[in-house]
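Take a walk through this fold, from its overall dimensions down to single residues.

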Amino acid sequence: MRGEHLHTLARLWRHPAASREELAGFRDRKLRSVVARAYRTVPFYRSLLDGCGVRPEDVRGVADLSVLPMTSSQDYRTRPLEEVISGRVSARALVRRPTSGSSGRPFVIRRTEAEDHLLNQFRLRALRDFGVRLRDRIGHVRLVSASHRRGSWAGRLRQALGIHREFPVDSLWPAERLLDALTAARPDVIKGYPSVLSRAAGSLREHPQPELAPRLVVAGGETLAPLRRQRIQEGFGAPVFDIYGAHEFNLLAWECSRAGGYHVCDDNVVLEVLRDGRPARPGERGEVVVTGLHGYAMPFLRYRLGDVAIRGPEVCSCGAPFSTLRGVEGRMHDYFRMPGGGLLHPDEIVVPIMEAEAGWFDRYQLTQVREDLVVLQVQPFDAPGEERTARVRRLAAERLPTGVAFRLELVDRLEEPGPGGKFRFCRSLVASDLDGVEWGRL
């Protein structure tokens, strides 16, 4: 769909100054296109729509979206790849975006390089809105495992030209080493996971490094709880801005630096907040359901993301044409406190296991029960066999300190959160920065 991508590239940088009506017309066009293409080329969607008696022409725009049935990661993970991707693309040529899953359900997303480049433009636009400049040096605190590397031609070109030049820093490093790497990079902007940045900011307050003076900090990948925002801001001495995204869609929403709350990326996705099946009213919490407007290789239509959000006003008071969210309740991480006082980020355990064994995981939860015991509960698709479970135990043991035991438990069903709660797929029962967090006020 090269023509549609070029049409989007020609307009997305102008949309912040567009009218709400212009943006609505753009969204309706993109929705018609992606639904029609999904029906024609993706066996899963053709079967799904036929089974519901829905034709592509029934969806003329966003107002008709509710005629489509909702989907979830389960629909994609339980079907052969050729059923959920377009028959007009080669699976081997697609970019793979593995994720550990914000609901504890691992998943691999696929898209073309052109789609990947296009979706990244929305994120770059959000960074510009925060005040990030083309020539800024960016210290990017991120995972550097094999499945999380980024290496697109567009990214390499930007690096070569010195545009948004990034200096990767491993998010799994100890705080002192992480801060030394950032100081050496002399970044104008730092971006990364709130849990990691909060921990580094605490170390920075105890051991100041005057040379590390970013102009701003961008948090993303996890929910930015108020306490962590405060710690990051005080530690780095810079304002903190938040991005809400998902591997399936890249950018979903970004914080409005002028009016508060979040701008929904309406020209990238249709983001529904549903309460008891109806659209939530401003101020109400509800389930996040997302339709991607630019994904043709692996479309996501009315996709249940597993997050909870608080709906905001239909148009932001800052004057931008985008709809808003008041808050987002997504993934949150605890660090695991090890015997002797050391800290372990759960991704050190989760990422290698997901890279090797995610195929048989339906859902999982990693819990630090005691300082000397970590338990991984897995709800499997089917019995994995001794060889696979032994590999999981070995991968975990290789990353846990001596004296810390690991236990793998296969369960029929994981416990769901109570009323108003949010499933946390990595948590510590020993100590948590998140104790006492009121989810409705994030």
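Predicted model: local features only at pLDDT ≥ 70, side-chain atom pairs only at ≥ 80, totals over all residues.

Residues are numbered from 1 along each chain as its sequence is written, and side-chain values use heavy atoms, with hydrogens and water left out.

Start with the whole chain. The protein chain holds 12 helices and 20 strands. Both are DSSP runs numbered from the N terminus: helices are H or I with at least four residues, strands are E with at least two. The radius of gyration is 22 Å, close to the 22 Å from the globule rule for 442 residues, so the chain is as compact as a globular protein of that length. That radius is taken over C-alpha atoms, and the rule is 2.2 Å times the number of residues to the power 0.38. Along the principal axes, the C-alpha atoms fill a box of roughly 65 × 50 × 45 Å.

Of the 442 residues, 54% count as buried. Buried means under 20% relative accessible area, exposed over 50%, and partly exposed in between, with a 1.4 Å probe and protein chains only.

Now go inside. The largest nonpolar core has 44 residues. Such a core is a set of buried Ala, Val, Leu, Ile, Met, Phe, Trp, Tyr and Cys residues joined through side-chain atoms within 4.5 Å. Tyr244, Phe249, Leu252, Leu271, Leu305 and Leu325 touch the most other members. Helix 2 (residues 20-41) gives the largest share, five residues. Leu252 touches, among others, Tyr244, His263, Leu271 and Leu305.

Next, the rings. There are 11 aromatic pairs. Rings of Phe, Tyr and Trp (its six-membered ring) pair if their centres lie within 6.5 Å; planes under 30 degrees apart are stacked, over 60 edge-to-face, the rest tilted. Phe361 and Tyr364 have ring centres 6.0 Å apart and planes at 70°, so this pair is edge-to-face. Both residues are buried. Ring pairs also link Phe44, Tyr45, Tyr76, Phe249, Phe300 and Tyr303 into a cluster.

Asn250 sits in strand 8 (residues 250-255) and is buried at 12% relative accessibility. Asp276 lies in the loop between strand 10 (269-275) and strand 11 (278-279) and is exposed at 76%.

Definitions and conventions
Contact = heavy atoms within 4.5 Å. Lists of a residue's contacts leave out its neighbours within four places in sequence.
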